Amino acid sequence: MSLTLAAQINSVMAALILLTAFGLLVQRRILALLHLFAWQGFFLCVSTAIVGYVTGEHHLFISSLLTLTLKVIVLPYILYALIHKLKIRKEIETLVNIPMTMLIGIGLVIFSYHLTAPITQLSTLMTRATLAVALATVMLGLLMMVTRRHAVTQIIGFLALENGLFFAATSATYGMPMVVELGVALDLLIAAFIFGIFFFHISTTFDSLDVDQMARLKEGD
Amino acid sequence: MWLMTLLILLPMAGAMAAWLIPSNTARPWVLPLTASLHLGLVVAVCIVSPPPSPGGWIGLDAIGKLFLLELSVLFTACAFYAVNYLRYRQERKNRVLCMGMLVCLAAMSLSAVAHHLGLLWLAIETTTLCMAPQVYFNHNARSIEATWKYMLICSVGIALALLGIFFLAYSSLVAGLEPSLLLEQLRTYAPKLPTVWLNAAFCFMLVGYGAKMGLAPMHTWKPDAYGEAPGLVGALLAGGLANCGFLGLIRIYQICMASGDVQFYRAMLVGLGLFSIAVAAVFLVRQTDFKRMLAYSSVEHMGLFTLALGLGGKALYGAMLHLVGNGLAKGVLFLAAGNIHRAFASKNREVARGTFRRAPWSGALFLFGLFAMTGSPPFITFSSEYSFFSAAFSEGRPLVGTLLAVSLTVAFLGMSLTVLPVVFGDPPKNRERTRYGDTPLLVVPPLVLLLIVGVAGIWLPGPLYRLMNAAAALLEVVR
């Protein structure tokens with residue numbers, strides 16, 4: 001495999017990650033959201049492995065394997081089990097309508113490219129073109145958390161944001177040191193468990209996972 | 001090196017013990033035992049000053065020492081308090097609470113000694129996670145809401161801080177340097193790093209760690225979490241976790257100060273700090289819930305820290321004083337507030353009135369805690385807040401100084417309007433008496449904290465004074 005080919009595949013993966021991020025933004029059905037999230041994790045894992053192969057940084061292979069287990073298998077499975085147990089079918093309405101969300105999302109992508117433009121010319125890394133995508137994925141995850149009113153969707157948004165962060169790590173520095181990466185993965189897993197436990201408590205206390213129900217704590221009551 | 005590792009391993013071992021002990025009444029004793037050992041260890045480490053680890057990942061500088069001392073003293077007070085508090089709350093299982101507190105202590109200790117930005121981030125993220133079950137200790141609809149907000153805002157915030165860390169790594173790549181996330185390395189790199197990228201990294205980390213500290217406008221989780229969590233958890237959130245966020249900010253600040261041109265960073269910090277103080281002051285007036293009041297007071301003081309970093313000069317020494325003063329005074333107030341909440345089964349100033357007659361010790365502690373918090377002499381916070389004013393005026397920023405004075409006055413009046421009826425008012429008639437009574441274990445820990453804040457304000461021991469000066473020197477602009 002020649003270097004340029006690897007770089008091209010990597011760019012395709014970046015494009016696919018961005019595409020799935022948009023998919024997550026507009027998809028209303030919760031199971032489809034989970035599938036999209038798992039695909040995003042898969043593209044991330046392939047991209048990390050390619051960068052690892054080209055640069056010879058072997059710890060990236062472990063990182064890629066970690067992404068595969070955590071983001072493609074374990075987390076979607078946990079969420080799937082929760083959705084099944086809590087009998088969630090369809091998501092409730094989003095706060096902002098979908099075409100509008102798309103437009104804001106496109107705006108965010110353009111902003112990310114604009115922000116990273118000065119350095120992509122300076123950098124010599126093969127991954128330089130993907131930094132804008134990583135930043136855009138983070139922002140789209142954030143947008144998803146803001147526009148969705150359902151507890152599970154908010155968490156999927158948060159996990160998509162983390163995908164963007166991992167992507168940024170590979171494109172910025174060819175990955176973090178192993179210890180830190182393992183720690184981040186562990187923290188993510190624990191966070192997912194805590195959020196999962198909270199889904200149960202929220203749905204039994206409020207009879208729904210609509211976060212708008214949680215509005216008791218205000219000033220002056 | 002092994003001493004510093006022990007600082008983290010000891011609380012972990014304590015957490016393991018708490019997990020293994022089956023009895024709900026015996027388990028809380030693990031907390032004071034571990035905390036006392038940890039405090040002893042911290043003092044030993046501060047005297048020995050162990051050299052950094054070979055890779056430079058773990059090291060102990062003056063800032064870390066000061067942070068560890070404050071943390072360990074506060075935690076020990078909370079731990080002794082917890083024994084009696086949990087006796088009142090026998091209806092709840094306390095296994096998760098005891099474990100979570102100890103794991104959190106380990107993570108906070110790690111953040112104090114971490115000199116690798118990735119490791120520091122990891123430690124801070126862990127503190128967020130292991131505090132979540134504690135905020136949820138009461139298991140009701142209100143505490144779910146509070147915990148959900150806390151988890152979401154802090155997790156997203158800290159994720160943004162991680163992005164900032166990557167930007168930092170990227171900036172060193174752009175400058176043609178070997179990428180590194182070690183603090184000392186980055187400080188030597190700083191003058192060569194491209195300004196745009198350093199600025200971007202700083203902004204992301206300011207927002208990220210600012211959310212963890214609870215700076216306005218990222219503070220919205222704070223009144224809810226502090227209001228719904230038990231008093232001792234509130235004390236740890238305000239005097240431990242918030243300081244962890246501040247430590248994260250301090251580390252990036254140190255790098256920025258080494259970069260040469262510091263105008264941008266200073267302006268951002270002063271702006272955000274003043275904004276937080278002003279927002280907190282507004283919400284402190286007419287606050288009926290005294291635990292939420294304490295949360296806004298915490299927002300105010302985090303704003304003061306940020307402002308102090310922005311002002312520089314004398315304010316840096318003040319910030320280090322304030323790190324100790326604010327943390328311990330918050331401990332006094334939250335522990336006393338926990339007692340008052342128990343005594344009246346309410347945290348509303350309309351119901352919880354006249355603590356002096358109902359629980360005189362807790363009432364007195366709450367009153368003096370207010371003075372310690374708002375910077376009245378002789379407390380240590382007086383000297384620190386004075387240094388902020390003097391820095392603002394002597395550095396030729398009278399507008400900043402005036403705004404600060406107005407906000408602090410409003411905040412003081414607002415807090416007094418809530419605290420005074422709670423302490424001196426007439427106890428409500430026709431209300432069922434709770435079985436709460438002031439006991440030594442519930443009163444002595446906050447009293448000790450109050451005495452430390454008071455005595456240190458009058459006479460600061462030599463070694464501590466030198467430590468604070470050394471810590472402030474680490475924050476100076478590198479020339």
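**Entry 1. Where the chains meet**

I began with the interface and found that 32 residues of chain B are in contact with 36 residues of chain A. I noted that the model is predicted: local features need pLDDT of at least 70, side-chain atom pairs count only at pLDDT 80 or more, and totals for chains, interfaces and linings use all residues. Residues are numbered from 1 along each chain as its sequence is written, while chains are lettered from A and ligands numbered from 1 in the order in which they are written.

I then asked which elements of chain B give two or more residues to the side that touches chain A. They are helix H5 (117–135), helix H6 (141–174), H8 and helix H9 (221–228) of chain B. Helices here are DSSP runs of H or I with at least four residues, strands are runs of E with at least two, and both are numbered from the N terminus. H6(B) supplies the largest share of this side, 19 residues. By class, the side of chain B that touches chain A holds 23 nonpolar, five polar and four charged residues. In this count Ala, Val, Leu, Ile, Met, Phe, Trp, Tyr, Cys and Pro are nonpolar, Asp, Glu, Lys and Arg are charged, and the others, Gly among them, are polar.

**Entry 2. Chain A**

I recorded seven helices and zero strands in chain A. Along the sequence the pattern is α-α-α-α-α-α-α. Of its 221 residues, 45% count as buried. A residue is buried if 20 or more other C-beta atoms lie within 10 Å of its own, exposed if 12 or fewer, and partly exposed in between, with C-beta atoms placed from the backbone. Among the contacts in chain A with a separation of 6 or more, 73% join residues 24 or more positions apart.

H5(B) has 19 residues and reaches 27 Å from its first C-alpha to its last, close to the 27 Å expected at 1.5 Å a residue. The expected span is 1.5 Å times one less than the number of residues. H5(B) is mostly covered, with 18 of its 19 residues buried.

In H6 of chain B I looked up Gly164(B). Is Gly164(B) buried or exposed? Gly164(B) is buried, because 23 other C-beta atoms lie within 10 Å. Leaving aside residues up to four places away in sequence, Gly164(B) touches Ala201(B), Phe204(B), Met205(B) and Gly208(B). Its C-alpha atom is separated by 8.8 Å from that of Leu198(B), 34 residues apart along the chain.

**Entry 3. H8 against H10**

I followed Leu198(B) into the contact of H8(B) with H10(B). Helix H8 (residues 195–213) and helix H10 (residues 231–257) of chain B pack at an angle of about 165°, with their axes 8 Å apart. Axes are lines fitted to C-alpha atoms, for helices over the stretch in contact, and angles run from 0 to 180 degrees between N-to-C directions. H8(B) and H10(B) are therefore roughly antiparallel. Angles under 35 degrees count as roughly parallel, over 145 as roughly antiparallel, 65 to 115 as roughly perpendicular and the rest as oblique. The residues of this contact divide into 12 nonpolar, two polar and one charged.

**Entry 4. H11 of chain B**

I checked the length of helix H11 (residues 263–284) of chain B: its 22 residues should span 32 Å at 1.5 Å a residue, and its end C-alpha atoms are 32 Å apart, which agrees. Its buried residues include Tyr265(B), Leu269(B), Ile277(B) and Phe283(B). The buried residues of H11(B) pack against H8, H10, helix H12 (290–311) and helix H17 (398–424) of chain B. After H11(B) comes Arg286(B), with a positive phi near 60°.

I placed Leu321(B) in helix H13 (residues 314–344) of chain B. Leu321(B) is buried, because 28 other C-beta atoms lie within 10 Å. Not counting residues up to four places away in sequence, Leu321(B) touches Ile380(B), Ser383(B), Ser384(B) and Met468(B). The C-alpha atoms of Leu321(B) and Leu66(B), 255 residues apart along the chain, are separated by 9.3 Å.

Finally, I examined helix H3 (residues 62–88) and helix H19 (residues 462–474) of chain B, whose axes come within 8 Å and cross at roughly 130°. That makes H3(B) oblique to H19(B). Leu66(B) of H3(B) and Met468(B) of H19(B) are among the residues that make the contact.

Key: Contact = placed C-beta atoms within 7 Å.
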